[in-house]
Amino acid sequence: MLNAPYVDNSYKWAGGGFLSTPEDLLRFANGHFAPGFLQAETLEVLLTTQTTRDGTETGYGVGWSSSTNAHGERIVSHGGGSVGGRTILTMNRDTGIIVAIVANLSSAPMSTELAGRIEDLFR
């Protein structure tokens, strides 16, 4: 076993740098779908892809990547990483399936495709 070098992430707490668990990420994602937690209009603003001045979609909402999977379903996701770990969190807006993957390895191969393969196991 090899420990990752210590890094003080407190400088980026406003934009990340938190330690979490898959269970915490699932609670966070479920909160987005829970009636009354966020207003429907607010959720749409967060999860809908933004557009540039010329109307080109960016594929990114407010903090969430926005895409469509092979089933034609709307997927939003956010990944993160720091020294010693990586994560990916996906929410299927059409099925409600949420996938949270956490690895304690800086070079772990995280992707929405990996999350999609895991999601398919629950169909």
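**Close-up views of a predicted model**

**View 1. Contacts of histidine 32.** Histidine 32 touches Phe37, Leu38, Leu43, Trp64 and Met91, leaving aside residues up to four places away in sequence; contact means heavy atoms within 4.5 Å. Histidine 32 sits in helix H1, residues 22-33. Helices (H or I, at least four residues) and strands (E, at least two) are DSSP runs, numbered from the N terminus. Histidine 32 is buried, at 6% relative accessible area. Buried means under 20% relative accessible area, exposed over 50% and partly exposed in between, with a 1.4 Å probe and protein chains only. This is a predicted model: local features need pLDDT of at least 70, side-chain atom pairs count only at pLDDT 80 or more, and totals for chains, interfaces and linings use all residues. Residues are numbered from 1 along each chain as its sequence is written, and side-chain values use heavy atoms, with hydrogens and water left out.

**View 2. The largest nonpolar core.** This core has 11 residues, among them Leu25, Leu43, Trp64 and Met91. A nonpolar core is a set of buried Ala, Val, Leu, Ile, Met, Phe, Trp, Tyr and Cys residues joined through side-chain atoms within 4.5 Å. H1, helix H2 (40-47), strand E3 (85-92) and strand E4 (98-103) each supply at least two residues of this core. H2 gives the most, with 3 residues. Apart from this core lies another, of 8 residues, including Ile97, Val99, Ala108 and Met110.

**View 3. The aromatic pair.** The whole structure holds 1 aromatic pair. Phenylalanine 28 and tryptophan 64 are stacked, at 6.2 Å centre to centre and 15 degrees between the planes. Rings of Phe, Tyr and Trp (its six-membered ring) pair if their centres lie within 6.5 Å; planes under 30 degrees apart count as stacked, over 60 as edge-to-face and the rest as tilted. Phenylalanine 28 lies in helix H1 and tryptophan 64 in the loop between H2 and E1, so the pair ties together parts 36 residues apart in sequence. Phenylalanine 28 is partly exposed, at 45% relative accessibility. Tryptophan 64 is buried, at 6% relative accessible area.

**View 4. Leucine 25.** Leucine 25 touches Ser20, Leu89, Ala100 and Val102, not counting residues up to four places away in sequence. Leu25, Leu89 and Ala100 are among the residues of the largest nonpolar core.
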